[in-house]
Amino acid sequence: MQYNRLGRSGLKVSELSLGSWVTFGTQVDAGLAAESMAVAFEAGVNFFDNAEAYAGGESEKIMGEAFRRLEWDRESFIVSSKFFWGIKPGVNNKNTLNRKYLISAVDASLDRFGLDYLDLIFCHRADPETPIEETVFTMHEIVASHKALYWGTSEWSADEIRAAYEIAERHHLHKPVMEQPQYNMFWRDKVENEYKRLYEDYGLGLTVWSPLASGLLSGKYVDGIPDGSRASLPGYEWLRASLTDPEKNKKVKELQKVAESLDASLSQLAIAWCTKNPNVSTVITGASSSLQVVENMKAADVATRLDSAHMEQIDQILSS
Ligand code: NDP
């Protein structure tokens, strides 16, 4: 496992990490979570991603319980949460990045985890109704109070990130260090085009999500929706059209051949491909079982065999 600096910060994150969206609280209880996290940790993963909104707060409780069961030194792992959607009713509790919400949301998250501090906190989406200045000052204060160590954004536009950075710079505040965008073979624009200047100008780090496009890039949807898969879960019907898209699944079949030539599974190839982008600090993987974690962690090894000829072949398939 390789360790990369999180953008221009001094923090080193493993090139592969493990997140809990959909899985923890829905498919995975605390015992299975601890099992998956242990497999990832043994493979070298040091970053575990979470969010307030995942399973309405249950995901943070489950991960907190798993940390206690695993008895790891707090210094040995990095854990995140994200804030925006809120899990309590009320006009100042939902869809906001205002000061009132953020301050109490971080405290509530720490309570659910049973931790004294979070390593990374993200503004889970941009909030057009709160001045960016109010959010930047609040995130700075949370970091200054040591309830979190670094802050960043998720799915913000390049302009919004630039505005946040400039406000922090002007007022000598803790700056946003990282962004968390979607990035995979089928979803490249933000990372490869929109954010291009931010890497050099601000040293923006990326913790990218959905390397398998929710499982599409494992190849499991080429013949329809398998039982027990994400697309079969109640509440995730909105993913079905994209996961069973015939054009995409045609490309998936072609990509399978590249994976075979590397003696890798398609999931391993798709995850390894994300690590090849030098602006990606860590690729957050997801897994509904520890067996998937075992398979996916081998992507770090596959990445070492993935050369420019394979990358070109992949680009040709994707653009055909
Ligand atoms: P992926 O795109 O990698 O999808 C993971 C899912 O694919 C698994 O839960 C599993 O679903 C299936 N899968 C994984 N490995 C395999 C395998 N080897 N073989 C077959 N199927 C496999 O990642 P996620 O969409 O889960 O995102 C990863 C993390 O990113 C999240 O946990 C979260 O932490 C973060 N995230 C952040 C977002 C943000 O807005 N900031 C948004 C979304 C995610 P199944 O077995 O059920 O089919």
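User: How do the axes of α4 and α5 cross, and at what angle?

Analyst: Axes are lines fitted to C-alpha atoms, for helices over the stretch in contact, and angles run from 0 to 180 degrees between N-to-C directions. Here helix α4 (residues 132–144) and helix α5 (residues 158–170) have axes that come within 9 Å and cross at roughly 60 degrees. Angles under 35 degrees count as roughly parallel, over 145 as roughly antiparallel, 65 to 115 as roughly perpendicular and the rest as oblique; α4 and α5 are therefore oblique to each other. This is a predicted model: local features need pLDDT of at least 70, side-chain atom pairs count only at pLDDT 80 or more, and totals for chains, interfaces and linings use all residues. Residues are numbered from 1 along each chain as its sequence is written, and side-chain values use heavy atoms, with hydrogens and water left out.

User: Which residues make the contact?

Analyst: Contact means heavy atoms within 4.5 Å. From α4 come I132, E133 and V136, and from α5 come E160, A163, A164, I167 and A168.

User: Which residues are the closest to the centre of the largest pocket?

Analyst: On a 1 Å grid over the protein atoms alone, a pocket is an open set of points where a 1.4 Å probe fits, with protein on both sides within 12 Å along at least five of seven lines; lining residues have an atom within 4 Å of a point. The largest pocket holds about 990 Å³ of space. Its lining has 48 residues, and W21, S210, A213, S214 and R230 are the closest to its centre.

User: Which element gives the most to that lining?

Analyst: α11 does, with 3 residues.

Key. Helix = DSSP H or I, 4+ residues; strand = E, 2+ residues; numbered from the N terminus. Points joined across faces, edges and corners; volume = space filled by probe spheres on them.
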